Amino acid sequence: MNQPLLSVVITVYNEEENIKPLLEATYAALSEIDYEVILIEDGSTDGTVKEVKKYANDRTRLIIFNRNYGQTTALAAGIDSAVGTYIATMDGDLQNDPTDIPTMLQKAIDEEWDVVAGRRAKRKDGFVLRKIPSKIANWVIRNTTKVYLNDYGCTLRVYKAEIAQNMGLYGELHRFIPVLAKQQGAKMTEVDVKHHPRIHGTSKYGLSRTFKVLADLILMLFFQKYFQRPIHLFGGLGLISFFLGSLISLYLLILKIMGEDIWGRPIMILGFILILGGIQMITTGIIAEIIVRTYFESQNKKTYTIRSIYQGLQSSKVESPQVIPSTEEK
(Lines give C-alpha, C1' and ligand atoms only; values in the text may rest on other atoms or scores of the structure.)
Protein backbone atom coordinates (compact mmCIF):
# COMPACT_ATOMS: atom_id res chain seq x y z
CA MET A 1 0.00 0.00 0.00
CA ASN A 2 1.30 3.46 -0.89
CA GLN A 3 1.97 5.80 2.00
CA PRO A 4 -1.00 8.14 2.44
CA LEU A 5 -0.42 11.85 2.95
CA LEU A 6 -2.54 11.96 6.10
CA SER A 7 -3.48 9.60 8.92
CA VAL A 8 -6.43 10.74 11.04
CA VAL A 9 -6.42 9.26 14.55
CA ILE A 10 -9.78 9.36 16.35
CA THR A 11 -10.31 8.12 19.91
CA VAL A 12 -13.80 6.84 20.77
CA TYR A 13 -15.25 5.66 24.07
CA ASN A 14 -18.99 4.96 24.39
CA GLU A 15 -19.80 7.08 21.32
CA GLU A 16 -22.33 4.72 19.69
CA GLU A 17 -24.69 7.47 18.50
CA ASN A 18 -21.86 9.66 17.20
CA ILE A 19 -20.12 7.11 14.95
CA LYS A 20 -22.28 7.41 11.84
CA PRO A 21 -22.26 11.24 11.61
CA LEU A 22 -18.59 11.29 12.65
CA LEU A 23 -17.45 8.98 9.85
CA GLU A 24 -19.70 10.60 7.26
CA ALA A 25 -18.36 14.07 8.11
CA THR A 26 -14.75 12.85 8.16
CA TYR A 27 -14.97 11.07 4.80
CA ALA A 28 -16.62 14.12 3.21
CA ALA A 29 -13.99 16.52 4.61
CA LEU A 30 -11.07 14.36 3.39
CA SER A 31 -12.45 13.49 -0.03
CA GLU A 32 -9.71 15.47 -1.83
CA ILE A 33 -6.85 14.06 0.28
CA ASP A 34 -5.00 10.73 0.21
CA TYR A 35 -5.88 9.61 3.73
CA GLU A 36 -6.43 6.80 6.19
CA VAL A 37 -8.65 6.88 9.29
CA ILE A 38 -7.64 5.04 12.46
CA LEU A 39 -10.30 4.66 15.15
CA ILE A 40 -9.19 3.53 18.62
CA GLU A 41 -12.06 1.99 20.58
CA ASP A 42 -11.06 2.47 24.22
CA GLY A 43 -13.01 -0.32 25.93
CA SER A 44 -16.55 0.93 25.23
CA THR A 45 -19.49 -0.80 26.91
CA ASP A 46 -22.09 0.24 24.32
CA GLY A 47 -22.46 -0.52 20.60
CA THR A 48 -19.55 1.64 19.41
CA VAL A 49 -17.66 -1.25 17.78
CA LYS A 50 -20.77 -2.48 15.97
CA GLU A 51 -21.45 1.01 14.58
CA VAL A 52 -17.87 1.46 13.36
CA LYS A 53 -17.93 -1.89 11.55
CA LYS A 54 -21.22 -0.92 9.97
CA TYR A 55 -20.15 2.45 8.54
CA ALA A 56 -16.35 2.22 8.08
CA ASN A 57 -14.99 2.47 4.53
CA ASP A 58 -11.97 0.66 3.08
CA ARG A 59 -9.57 3.38 4.26
CA THR A 60 -10.56 2.94 7.90
CA ARG A 61 -8.87 0.80 10.54
CA LEU A 62 -10.39 0.01 13.92
CA ILE A 63 -8.17 -0.77 16.92
CA ILE A 64 -10.14 -2.37 19.76
CA PHE A 65 -8.78 -2.33 23.31
CA ASN A 66 -9.69 -5.12 25.74
CA ARG A 67 -10.49 -2.51 28.41
CA ASN A 68 -10.51 1.23 29.00
CA TYR A 69 -6.94 2.56 29.13
CA GLY A 70 -7.59 6.29 28.79
CA GLN A 71 -7.21 8.90 26.09
CA THR A 72 -3.41 9.14 26.20
CA THR A 73 -2.91 5.42 25.63
CA ALA A 74 -5.55 5.42 22.89
CA LEU A 75 -3.82 8.30 21.11
CA ALA A 76 -0.45 6.55 21.44
CA ALA A 77 -1.83 3.36 19.89
CA GLY A 78 -3.34 5.25 16.97
CA ILE A 79 -0.20 7.30 16.34
CA ASP A 80 1.98 4.16 16.48
CA SER A 81 -0.29 2.52 13.91
CA ALA A 82 -0.36 5.51 11.54
CA VAL A 83 1.64 5.37 8.29
CA GLY A 84 0.83 8.81 6.87
CA THR A 85 3.36 11.57 6.29
CA TYR A 86 1.22 13.77 8.54
CA ILE A 87 -0.97 12.72 11.45
CA ALA A 88 -4.13 14.48 12.59
CA THR A 89 -5.78 13.75 15.94
CA MET A 90 -9.33 14.50 17.01
CA ASP A 91 -12.00 13.38 19.47
CA GLY A 92 -14.89 11.17 18.45
CA ASP A 93 -17.61 13.16 20.22
CA LEU A 94 -18.49 15.41 17.22
CA GLN A 95 -17.28 18.53 19.03
CA ASN A 96 -14.22 18.74 16.78
CA ASP A 97 -15.03 19.46 13.14
CA PRO A 98 -13.12 17.41 10.52
CA THR A 99 -13.64 20.16 7.92
CA ASP A 100 -10.84 22.07 9.68
CA ILE A 101 -8.31 19.32 8.96
CA PRO A 102 -7.58 20.09 5.25
CA THR A 103 -6.87 23.75 6.06
CA MET A 104 -4.59 22.81 8.96
CA LEU A 105 -2.78 20.25 6.83
CA GLN A 106 -2.24 22.74 4.01
CA LYS A 107 -0.86 25.28 6.48
CA ALA A 108 1.56 22.69 7.89
CA ILE A 109 2.79 21.84 4.36
CA ASP A 110 2.96 25.36 2.91
CA GLU A 111 4.56 27.03 5.94
CA GLU A 112 6.61 24.00 7.07
CA TRP A 113 5.14 23.76 10.57
CA ASP A 114 5.82 20.63 12.60
CA VAL A 115 2.59 21.04 14.59
CA VAL A 116 -0.55 23.00 13.77
CA ALA A 117 -2.74 23.12 16.88
CA GLY A 118 -6.43 23.92 16.99
CA ARG A 119 -7.75 26.76 19.14
CA ARG A 120 -11.44 26.59 20.02
CA ALA A 121 -12.32 30.23 19.39
CA LYS A 122 -16.03 29.81 20.21
CA ARG A 123 -16.03 26.91 22.62
CA LYS A 124 -19.44 25.27 23.13
CA ASP A 125 -19.01 23.94 26.67
CA GLY A 126 -20.34 24.78 30.10
CA PHE A 127 -18.85 28.00 31.51
CA VAL A 128 -18.38 27.04 35.17
CA LEU A 129 -17.41 23.36 34.96
CA ARG A 130 -15.47 23.40 31.70
CA LYS A 131 -14.41 26.87 30.48
CA ILE A 132 -13.18 28.42 33.74
CA PRO A 133 -11.08 25.40 34.85
CA SER A 134 -9.72 25.13 31.31
CA LYS A 135 -8.71 28.81 31.20
CA ILE A 136 -6.95 28.51 34.55
CA ALA A 137 -5.16 25.31 33.48
CA ASN A 138 -4.10 26.86 30.16
CA TRP A 139 -2.69 29.93 31.94
CA VAL A 140 -0.75 27.83 34.47
CA ILE A 141 0.69 25.46 31.83
CA ARG A 142 1.56 28.30 29.46
CA ASN A 143 3.42 30.32 32.11
CA THR A 144 5.24 27.44 33.79
CA THR A 145 6.35 25.51 30.69
CA LYS A 146 6.93 28.61 28.50
CA VAL A 147 5.17 26.85 25.63
CA TYR A 148 2.90 29.63 24.48
CA LEU A 149 -0.34 28.13 23.18
CA ASN A 150 -3.81 29.34 24.11
CA ASP A 151 -5.68 26.03 24.10
CA TYR A 152 -3.94 22.92 25.43
CA GLY A 153 -7.22 21.01 25.72
CA CYS A 154 -8.13 20.95 22.02
CA THR A 155 -7.35 17.49 20.63
CA LEU A 156 -7.64 18.64 17.00
CA ARG A 157 -4.05 18.98 15.81
CA VAL A 158 -1.95 18.12 12.75
CA TYR A 159 1.62 16.85 13.20
CA LYS A 160 4.49 15.73 11.08
CA ALA A 161 4.60 11.98 11.63
CA GLU A 162 8.17 11.94 12.98
CA ILE A 163 7.22 14.43 15.68
CA ALA A 164 4.04 12.63 16.74
CA GLN A 165 5.65 9.19 16.81
CA ASN A 166 8.54 10.24 19.03
CA MET A 167 6.67 12.13 21.74
CA GLY A 168 6.54 9.24 24.23
CA LEU A 169 2.91 9.32 25.39
CA TYR A 170 2.34 7.64 28.75
CA GLY A 171 -0.10 7.92 31.64
CA GLU A 172 -2.39 10.89 31.02
CA LEU A 173 0.01 13.23 29.27
CA HIS A 174 -2.29 14.01 26.32
CA ARG A 175 -2.92 17.46 27.85
CA PHE A 176 0.79 18.18 27.53
CA ILE A 177 1.34 17.01 23.95
CA PRO A 178 2.47 20.52 22.85
CA VAL A 179 5.09 20.50 25.62
CA LEU A 180 6.30 17.04 24.56
CA ALA A 181 6.49 18.21 20.94
CA LYS A 182 8.39 21.35 21.94
CA GLN A 183 10.98 19.20 23.71
CA GLN A 184 11.79 17.76 20.28
CA GLY A 185 12.28 21.24 18.87
CA ALA A 186 8.96 21.23 17.00
CA LYS A 187 7.87 24.45 15.30
CA MET A 188 4.26 25.07 16.33
CA THR A 189 1.46 27.42 15.48
CA GLU A 190 -2.23 27.76 16.37
CA VAL A 191 -5.29 28.33 14.21
CA ASP A 192 -8.91 28.95 15.12
CA VAL A 193 -11.11 25.87 14.64
CA LYS A 194 -14.81 25.23 14.89
CA HIS A 195 -16.25 23.69 18.04
CA HIS A 196 -19.71 22.18 18.43
CA PRO A 197 -21.83 21.39 21.48
CA ARG A 198 -22.05 17.73 22.43
CA ILE A 199 -25.31 16.25 21.10
CA HIS A 200 -25.04 12.57 21.98
CA GLY A 201 -23.41 10.90 24.96
CA THR A 202 -21.82 12.51 28.00
CA SER A 203 -18.48 14.17 28.64
CA LYS A 204 -15.80 11.92 30.16
CA TYR A 205 -14.13 14.83 31.94
CA GLY A 206 -14.90 16.97 34.98
CA LEU A 207 -13.33 18.88 37.86
CA SER A 208 -11.80 15.64 39.19
CA ARG A 209 -9.04 15.89 36.55
CA THR A 210 -7.64 19.08 38.13
CA PHE A 211 -5.28 17.26 40.50
CA LYS A 212 -4.16 14.92 37.72
CA VAL A 213 -3.27 17.94 35.58
CA LEU A 214 -1.24 19.47 38.42
CA ALA A 215 0.62 16.19 39.03
CA ASP A 216 1.36 15.81 35.31
CA LEU A 217 2.52 19.44 35.19
CA ILE A 218 5.18 18.72 37.82
CA LEU A 219 6.34 15.77 35.71
CA MET A 220 6.46 17.94 32.57
CA LEU A 221 8.50 20.62 34.31
CA PHE A 222 10.96 17.96 35.43
CA PHE A 223 11.18 16.54 31.90
CA GLN A 224 11.63 20.01 30.46
CA LYS A 225 14.44 21.14 32.73
CA TYR A 226 16.10 18.14 34.33
CA PHE A 227 15.39 14.95 32.38
CA GLN A 228 18.91 14.79 30.90
CA ARG A 229 20.61 16.24 34.02
CA PRO A 230 18.67 15.14 37.14
CA ILE A 231 21.74 15.69 39.34
CA HIS A 232 21.25 19.45 38.84
CA LEU A 233 17.89 19.22 40.63
CA PHE A 234 18.51 16.57 43.26
CA GLY A 235 22.17 17.49 43.78
CA GLY A 236 21.39 21.19 44.12
CA LEU A 237 18.62 20.63 46.67
CA GLY A 238 20.76 18.08 48.48
CA LEU A 239 23.74 20.42 48.79
CA ILE A 240 21.55 23.25 50.09
CA SER A 241 19.95 20.93 52.64
CA PHE A 242 23.30 19.47 53.72
CA PHE A 243 24.86 22.96 54.03
CA LEU A 244 22.00 24.30 56.20
CA GLY A 245 22.10 21.19 58.37
CA SER A 246 25.86 21.54 58.79
CA LEU A 247 25.51 25.21 59.82
CA ILE A 248 22.93 24.27 62.44
CA SER A 249 25.15 21.47 63.74
CA LEU A 250 28.15 23.81 63.89
CA TYR A 251 26.10 26.39 65.80
CA LEU A 252 24.99 23.74 68.31
CA LEU A 253 28.56 22.49 68.67
CA ILE A 254 29.72 26.00 69.58
CA LEU A 255 26.93 26.28 72.17
CA LYS A 256 27.94 22.91 73.62
CA ILE A 257 31.58 23.98 73.88
CA MET A 258 30.43 27.11 75.70
CA GLY A 259 28.72 24.89 78.29
CA GLU A 260 25.09 25.21 77.23
CA ASP A 261 22.74 22.22 77.19
CA ILE A 262 21.64 21.48 73.62
CA TRP A 263 19.92 18.12 74.11
CA GLY A 264 16.27 18.01 73.09
CA ARG A 265 16.25 21.30 71.21
CA PRO A 266 14.01 21.23 68.08
CA ILE A 267 16.76 22.95 66.07
CA MET A 268 19.06 19.96 66.71
CA ILE A 269 16.47 17.58 65.24
CA LEU A 270 16.06 19.93 62.27
CA GLY A 271 19.82 19.91 61.70
CA PHE A 272 19.94 16.10 61.66
CA ILE A 273 17.00 15.93 59.25
CA LEU A 274 18.60 18.45 56.87
CA ILE A 275 21.95 16.62 56.83
CA LEU A 276 20.38 13.19 56.27
CA GLY A 277 17.95 14.62 53.70
CA GLY A 278 20.79 16.31 51.86
CA ILE A 279 22.78 13.09 51.65
CA GLN A 280 19.69 11.24 50.42
CA MET A 281 18.93 13.85 47.73
CA ILE A 282 22.51 13.79 46.43
CA THR A 283 22.43 9.99 46.32
CA THR A 284 19.09 10.10 44.46
CA GLY A 285 20.60 12.48 41.91
CA ILE A 286 23.54 10.15 41.27
CA ILE A 287 21.22 7.14 40.84
CA ALA A 288 18.98 9.17 38.49
CA GLU A 289 22.03 10.11 36.40
CA ILE A 290 22.98 6.44 36.06
CA ILE A 291 19.40 5.57 35.03
CA VAL A 292 19.34 8.33 32.39
CA ARG A 293 22.61 7.14 30.90
CA THR A 294 21.34 3.57 30.85
CA TYR A 295 18.13 4.76 29.11
CA PHE A 296 20.03 6.47 26.30
CA GLU A 297 23.01 4.14 25.89
CA SER A 298 21.13 0.81 26.14
CA GLN A 299 18.84 1.81 23.25
CA ASN A 300 21.47 3.77 21.33
CA LYS A 301 19.32 6.88 21.70
CA LYS A 302 20.70 10.34 21.07
CA THR A 303 20.25 13.31 23.37
CA TYR A 304 19.67 15.58 20.40
CA THR A 305 17.64 15.75 17.17
CA ILE A 306 19.02 16.84 13.79
CA ARG A 307 16.40 18.53 11.63
CA SER A 308 18.39 18.18 8.41
CA ILE A 309 21.95 18.03 7.04
CA TYR A 310 23.17 20.34 4.28
CA GLN A 311 25.78 18.79 2.01
CA GLY A 312 27.55 21.28 -0.19
CA LEU A 313 28.24 20.12 -3.76
CA GLN A 314 31.38 21.02 -5.68
CA SER A 315 29.73 21.27 -9.09
CA SER A 316 29.26 24.86 -10.22
CA LYS A 317 26.03 23.84 -11.93
CA VAL A 318 24.31 23.48 -8.57
CA GLU A 319 23.36 26.84 -7.08
CA SER A 320 21.81 25.57 -3.82
CA PRO A 321 22.90 22.89 -1.33
CA GLN A 322 21.33 19.48 -1.30
CA VAL A 323 19.05 18.76 1.67
CA ILE A 324 19.28 15.33 3.22
CA PRO A 325 16.42 14.66 5.64
CA SER A 326 17.60 13.21 8.92
CA THR A 327 15.98 10.29 10.72
CA GLU A 328 18.16 10.51 13.80
CA GLU A 329 16.24 10.05 17.01
CA LYS A 330 16.37 12.12 20.14
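Helices (H or I, at least four residues) and strands (E, at least two) are taken here as DSSP runs, numbered from the N terminus. The structure is a predicted model, in which local features need pLDDT of at least 70 and side-chain atom pairs count only at pLDDT 80 or more, whereas totals for chains, interfaces and linings use all residues. Residues are numbered from 1 along each chain as its sequence is written, and side-chain values use heavy atoms, with hydrogens and water left out.

The span of residues 267-292 is 100% helix and 0% strand, and its end C-alpha atoms lie 37 Å apart. Residues 233-255 are likewise 100% helix and 0% strand, with 34 Å between the end C-alpha atoms. Both spans are listed by UniProt, in an unreviewed entry, under "transmembrane region"; such annotations may be inferred rather than shown by experiment, and the positions follow the numbering used here, with feature names shortened.

An open sheet of 7 strands with mixed pairing has the order β3-β2-β1-β4-β6-β5-β7. Its edge strands, β3 (60-64) and β7 (188-193), each pair on one side only. On average, neighbouring strands are turned by 20° against each other, direction ignored; axes are lines fitted to C-alpha atoms, for helices over the stretch in contact, and angles run from 0 to 180 degrees between N-to-C directions. Helix α1 (residues 19-29) lies across β1 (6-12), β2 (35-41), β3 and β4, and runs at about 160° to β2.

Two strands pair if DSSP finds at least two bridges between them. Strand β6 pairs with β4 (residues 86-91) in the antiparallel sense over 4 bridges, and 3 bridges join β6 to β5 (residues 115-120), also antiparallel. Val 158 of β6 is the bridge partner of Ala 88 and of Val 116, while Tyr 159 is the bridge partner of Ile 87.

Arg 157 lies in β6 (residues 157-160). Arg 157 and Tyr 159 point one way from this strand, Val 158 and Lys 160 the other way, and all are buried. Arg 157 has a relative accessible area of 2%, where buried means under 20%, exposed over 50% and partly exposed in between (1.4 Å probe, protein chains only). Contacts of Arg 157 (heavy atoms within 4.5 Å), not counting residues up to four places away in sequence, include Ile 87, Met 104, Asp 151 and His 174. Ala 117 is 40 residues from Arg 157 in sequence and 4.5 Å away in space, C-alpha to C-alpha. The side chain of Arg 157 reaches the backbone oxygen of Tyr 152 at 2.9 Å, and one of its polar atoms lies 3.2 Å from the backbone oxygen of Cys 154.

Note on methods
A polar contact is a pair of N or O atoms within 3.5 Å; within protein, one must be able to donate a hydrogen and the other to accept it, and residues adjacent in sequence count only if both atoms are side-chain atoms.
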